Each structure stands twice: as C-alpha cells, then as structure tokens.
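Me: I'm new to this one and would like to get my bearings. Could you walk me through it in plain words?

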Amino acid sequence: MAAYDADSSAGGDLAYDPNFVPDSVKTFVVHLYRQIREKNVYEIHQMYEGSFNRLTDRMFRESPWPTAEAVAPYVDGDHVFCLLYREMWFRHVYARLTPTPKQRVESWDNYCSLFGVVLHGVVNMQLPNQWLWDMVDEFVYQFQSYCQYRAKLKTKTEEELQLLRHFDQAWNVYGVLNYLQALVEKSNIIQILEREKEGLEQFTAVDGYDYQGGSNVLKMLGYYSMIGLLRVHCLLGDYRTGLKCMAPIDLSQQGVYTSVIGSHISTIYHYGFANLMLRRYGDAIREFNKMLLYILKYKQYHQKSPQYDQILKKNEQMYALLAVCLSLCPQLKLVDENVSTQLKEKYNDKMTKMQRYDDEASTVYDELFSYGCPKFITPSAPVLDEPLTNYNQEAYRLQLKMFLFEVKQQQLLAGIRSFLKIYSTITVTKLAQFMDVDEATLRTILMTYKHKMHSTDNDGKIVSNADIDFYVDDDTVHVVEAKPTKRFGDYFLRQILKFEEMISELEKVQLD
Amino acid sequence: MAKEAQLQVSYTVEELVAVNPYNPDILADLENFVNEQVSSQKYSLDANLCLLRLYQFEPERMSTPIVARILIKALMAMPAQDFSLCLFLIPEQVQSEEQFKTLIVLSHYLETARFRLFWDEVAKNRSLLESVPGFQQAIEAYAVHVLSLTYQKVPRPVLAEAINKEGLALDQFLEYHVANSGWAIEKSQGRSQLIVLPPNEFNHPELKKNASDSVSFEHVTRIFPVLS
C-alpha cells in the first residue's frame, strides 16, 4: 500500500514513520475492532467521531495515521476492518494534508474493494449512519477533486502525467456512477421505501438500523447513494436525472436523510440548486427556506462537530442561492421571518440591484451564482498529448453562461412588474406608452412574463410561480391580485390529532 | 411485423436507460433511437439526456447531426424546458457551431414570445428544420399554449403572427379549433376578429382552484382512527 512519500507535497513531517504504531493508536484500533465485532453502534459512533478526531488533533495534525498494514496485526488482520481503516486514513489525508497523485489512485482502489465487499452481501456489521454517510459523501468528493486535479495539466510534471496515463481507470466517471447505482440496486432501497409507505416495512422508524441481528451497511449505503447520485448529476449539469435519482425520498417529511445533518444539508442544497436550474423557483425557495431555518435553530448543537465549518459554508451558499431565486421570482411570503431577516442582512443591497435587471444586475447574479454553485466537473478523460492546458473551469463557465442567458431573457420583465402592481386594469396601448415600447413589443413582453412565470413539473403539468398575475381581454390587461390563502384543512387536521392526544392523556389520569 | 419490431426496440432502449444508463455500450442504440424518434414522431427526453451524458463522458464519439436532432426535438417539447436541459450538457465549443447557434437563437425567440422573428428565422433555415417531421405543428401548439395563458380574447392578427398563418390557412386552423377545442369567434366593431379561447385557470383567475386549501388523501387517513 502507499508508503507516505516523505519528500512529496503531502505535509512536511519528515519524522513520520508509516509503520510506527503509537500505543494510543493500538488501543484505539483494538477497541474499535471489538466494538464493530460486537455491533455496539453507540460505542462505534463515539470512537469514530470522538476518539478518532481527538487522536488526530493530538498526534496527526500534519502527518497521516499509521498505515493499515502497520495496525493489521492488532486486529487479526481482518480484511474488512483494514478497508474501513484505510478509508478513514485517506479521508484524513484529504482533510488535513494534500493527497499525492498516487494516494488519490490508491484511495480509488480502496473504495472499489470496500464497495465490492459490501455489494457481495457478505458484510455483517452495523455501523453508525454518520460513518456510512461520510463514506458516500467522501467518495463523491474525492471524485470531484480528482476531476479538478486532472483537468489542470499545465503545471504537471512528467511523472504526474505518466501516472495519469498509466492509471487511466482511476476515478473514471462510469465506475463512480455504476458503483453508486449498484449500491442503490443491490440494497433494494427503493422497494424498501415503497413498502414502508404501505406499512409493510420499518425503515425510517428505526433510522435504517437492523434490530434483527442483520446488517445496516448495504441498505444505508444504498440510501445515501441516491443522494450521491443527485450530487454527481448536479456536478455534470444533468439536473433532471439528478432529481429523478432522489425521487424515492419524500422531502416533505422527516426521514433518514434528516438524521445526519451532513446528509440533510447536502440533499436540500443539491435539490434546491437543481430546481433553480430547472426554473422551479418556488420549489427551490421552499426547500432552502426550510433548511436555513433548521440550521438557524440547531447549528449551536454542532459547534464541536468536525463538520461545523462545512455546515456554515453550505449555509452561506444557500443564502446566496435563495437571494438569486427570490430576485427571479419574488415570492417573499414563502420565506420564514427569521430567514428573511438574515437574508436582508446579508443581501439586501444585492437583491435590490438584481431586481433592476441592468448590466450591474448581471454582475451581481454572476457573483452570487458563482459563490453558491457546486464545483462542476468535466468527466471525460484528459487528452495528454497535445498542448497541455488547464480546463478545470470549463464546466463551471458553461453552467454560468447558461444561467446568465436565462437571467438576460428575464430582463424583459423588469419594468412590467412594477406597473402590474399599480394598475388593476390598463389598456395595452397605455401600458406600452408607459413602458416606452410599441404595442407589439408589449404583447411580446406580456406573453414572456406568462411563459417565464409558469414552469412545467415532472408530469407536464403547468404550475404558476407568479406573485402578480393578469389576463388580457382583447386590448385590456386585467391584473389579478394573488389572494393570501388560508389553509383551513391542514389546521383542522392538526388540531383534531392534537386534541385526540390530549383526551387520551387525560383518560389515563386516575383520580383517587 | 416491422411495426412490432419497432415497438420492441424502443421498449428495450427505454428499459436500458432506466436500468443501466451508465454504460458506453448503449451509445449506438441511443443514437438509433434518436433517429427513430424523429421519423416516427415519438419523443423521450430521458433517453436523449442519457445519450448527451455519454457524449460528455466520451467526447470523441459525439455526433453533431444527432445532437442537432435532439435539440430540435427538445424545441418541439416547449413549453417544457428540455432545450436548456440539453444545452447544459453540450460543451461551449460545440454550441458555437453554426447550426447550434441558429437553434439557440430560435429557442431564444420562442422563450421570449418573439414569434415573428422566430418564423422569419425558420424560413431561412428550412433544410435544417424540415428534416424533423411535426416541427411546425409542435411550435403552433406551443404558441397556442402561451396565448391561452395570456388571453381570454385574442385579436386575429396576434394569433396569425404567433402561428405563422394567414388568410385561408388561418381560417381553416380556426375552423378546426372551433370544432374541436372549444374556441369561439367574436366579431369586433370595425376591427379584426376576436378569438375567444377556452377558459382555464391562467386566463380566468376565478377558475383557479384554491389548491393549497385542499387536503391530500394521505393526510386525511391520519384521522381515520379518530373518526371511528
């Protein structure tokens, strides 16, 4: 396995001996191995999140952990444990150091072996969901990182180019997608979720764990792979397929995806972004709003977590994307008060600028989109012989260009909204005069507004996103005020259930 | 027999896309399927996105005529957003080729309801677009859709410009829709005819079902134990 290259770019601790196993590490792996064998999920979680990070902080801030070969003797040489340990090993290198090209390739090999074992159905462990989520998340992250890495060819040494030529199968996009797909299929997770809806299966209620002596690993890796597939498709620019991969998960309810905060955020972030690109601004706004509210309420509980920085970063990105959505589709009533306050603090000026739809607005859209968007990738293998270039920005530039083109098309709608707010009826002629365009152009603008403010959902149904609407009768525009809707039905249902609960509680009370 | 075989192939291709989409070996099948969509006036966005993804993974295998056909079919699917979904997957260098620039301009005109400019541009590019049967009718349907979102009563010249029909052809078009789609024609004092479009929730806001107040069946089932 990878010997840590002391003279490579990966950190500078020349005293690192990959085969030296400090006592604390010995204790750590022995205990972890035992807990895994005894399926003590709670203890495993404590060690995974707690001890591992404490040891890292104390001893491995700038160097990798001891190699898997070095610790193997303390864990009976257990093959699967070593695969798991190696996965954590590489994840640590990516997080704290910089992986060497060789390490990138070896990490890929490790994932292949690890997923291979899981897919064969021979794994008998129960692991904490946090760990299983981290595995899938990291897998996609390292893929994204590798695509970025190999798209920067200008400064590569001959040695690095040779490596790319030789290990051309490492992190190939087919492999990545097919592993995720295989996990989804082999785990039967889609059928499990369907059966759960019919009450034939317990899944969400037990958080995916298996209380009958079985294993949760394949099932949960399958579940998280659906989110992984959404993410990969977003990175490729295929938003529709991404959303399709996620369709079995019902976002209108709590689910297993909400129990690990990393998976919750990743799901909503990518779901929202995909909807933004699909022009389903209403859906994007709703989901971003829910997530941002959640983070506002609960982030204090995650301050000590190693994921805290990531949570904050995604939080900021979602505010930026929310600002963009609201500028294209002003539906402020969909946003909670607290989120709205935060949003105004961060982006009030910028949102005003964006809604002016001039050249300056374009710059702001560019800025916020670029900040909030995922790190798009070019999935194809690099061409290694012609003049070497850096093309790692190409994918991002394409998505940005398409997005700004859409914004530009909506520039036509700049003036009309303000007029629709003032008038309840106005002739086409007059409105054209006020907007300083000829009648034919005005009619075009009216139709564009209608088209842009209505999106098509997955079943082909037309859904309105408009805050202000109108219809035209020959040559007169009639503006329609959107009535605030009172949701009586939902309210009554909730109260009925609440009272029932109260009544049954009261009935339990015995008076002496 | 030939028709059966045809049905068989498309069933298989769509199955492939659902079950094994990340597979370089289905590229040829997907390309054939695009041609089949064109000739038999079928359409499958998922299969076409699958193919565009494979082209993204292996750019040397990209066939620009096939991509052009996919884009034309996507245009015909408007108001659905398929055209831009496809463009997200097509690299910038390819998009800057002549035929794609033309298609992008056409899409732009349709997105911004500039129908006269659109039909003018179509006239300049007959060879490109006539290779896909059903193009004209599909765009007419989109134009009617946008008009139906916007107008209760639309003046004849506006309709004429949108669907690129005049005189006798327009009269025949109107006759057909009066008979089959619930349209009506009003004579307006001294001016052109007014076409009355069928009411829907977008041009007749009073028809808008207050959908947000309806309760889904699933939610109602929650109180069944209480009711019994």
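**Finding the way around**

Me: Let's start with a strand: how many bridges join strand 1 of chain B to strand 3 of chain B?
Reply: Before that, keep in mind that this is a predicted model. Strand 1 of chain B covers residues 151–155, and strand 3 of chain B covers residues 194–196. The two run antiparallel, and in strand 3 the bridge partner of Pro155(B) is Leu194(B). The number of bridges joining them is 3.

Me: Which residue of chain A stands opposite Tyr151(B)?
Reply: Strand 1 of chain B also pairs with a strand from the other chain, namely strand 4 of chain A, residues 468–473. That pairing is parallel and has 2 bridges. Opposite Tyr151(B) stands Val472(A).

Me: And how many of the 5 residues in strand 1 of chain B are buried?
Reply: This strand has partners in chain A and in chain B. It is mostly covered, and the count of buried residues is 4.

Me: What does chain B look like overall, and what share of its residues is buried?
Reply: Chain B has 14 helices and 3 strands. Its accessible surface is about 11100 Å², with 54% of that belonging to carbon and sulfur atoms. Take the contacts between residues at least 6 apart in sequence: 55% of them join residues at least 24 apart. Out of 228 residues, the buried share is 51%.

Me: How much area is buried between chain A and chain B?
Reply: The size of an interface is often given as the accessible area lost when the parts come together. Here chain A brings 59 residues to the contact and chain B brings 62. Carbon and sulfur atoms give 60% of the buried area, which comes to about 5400 Å².

Me: Which three residues supply more than any others of the area that chain A buries against chain B?
Reply: We're still at the interface between the two chains, where about 5400 Å² is buried. On the chain A side, one trio supplies 14% of what that chain buries, more than any other three residues. The trio is Tyr174(A), Met447(A) and His451(A).

Me: How many salt bridges are found across the interface of chain A and chain B?
Reply: Over all chains, the structure holds 36 salt bridges. One that crosses between chains is Asp46(B) with Lys244(A), going from helix 3 of chain B to helix 11 of chain A. Across this interface, the number found is 6.

Me: Why does the salt bridge of Lys401(A) with Glu92(B) join two chains, and how far apart are the closest N and O atoms?
Reply: Lys401(A) lies in helix 18 of chain A and Glu92(B) in helix 6 of chain B, so the pair joins two chains. Lys401(A) is partly exposed at 44% relative accessibility, and Glu92(B) is partly exposed at 29%. Their closest N and O atoms are 3.5 Å apart.

Me: Is Glu87(A) buried or exposed?
Reply: Glu87(A) forms a salt bridge with Arg91(A), with the closest N and O atoms 2.6 Å apart. The two residues are 4 apart in helix 4 of chain A, so about one helical turn separates them. Arg91(A) counts as buried at 15% relative accessibility. With a relative accessible area of 1%, Glu87(A) is buried.

Me: Which residue of chain B is linked in a network of salt bridges with Arg279(A), Glu406(A) and Lys452(A)?
Reply: This network takes in residues from chain A and from chain B. Besides the chain A residues you name, the network includes Glu111(B).

Me: Which residues of helix 19 of chain A are buried?
Reply: Helix 19 of chain A spans residues 414–422. What covers its buried residues includes helix 15, helix 20, helix 21, strand 4 and strand 5 of chain A. The buried residues are Ile416(A), Arg417(A), Phe419(A) and Leu420(A).

Me: One last stop: what is the area of the nonpolar surface patch that includes Phe488(A)?
Reply: Phe488(A) is found in helix 22 of chain A and is partly exposed, at 46% relative accessible area. Phe488(A) makes the patch together with Tyr491(A), Phe492(A) and Ile496(A). The patch has an area of about 410 Å².

Conventions
Residues are numbered from 1 along each chain as its sequence is written. Chains are lettered from A and ligands numbered from 1 in the order in which they are written. This is a predicted model: local features need pLDDT of at least 70, side-chain atom pairs count only at pLDDT 80 or more; totals for chains, interfaces and linings use all residues. Side-chain values use heavy atoms; hydrogens and water are left out. Buried means under 20% relative accessible area, exposed over 50%, partly exposed in between (1.4 Å probe, protein chains only). Two strands pair if DSSP finds at least two bridges between them. A salt bridge is a side-chain nitrogen of Lys or Arg within 4 Å of a carboxyl oxygen of Asp or Glu. Contact means heavy atoms within 4.5 Å. Accessible areas come from the Shrake-Rupley method with a 1.4 Å probe; for residues, only the protein chains shown count as cover. Patches are made of residues with over 30% relative accessible area and no salt bridge: like charges are joined within 9 Å, nonpolar side chains (Val, Leu, Ile, Met, Phe, Trp, Tyr) within 5 Å. Buried area is the accessible area (1.4 Å probe) that two parts lose on being put together, summed over both.
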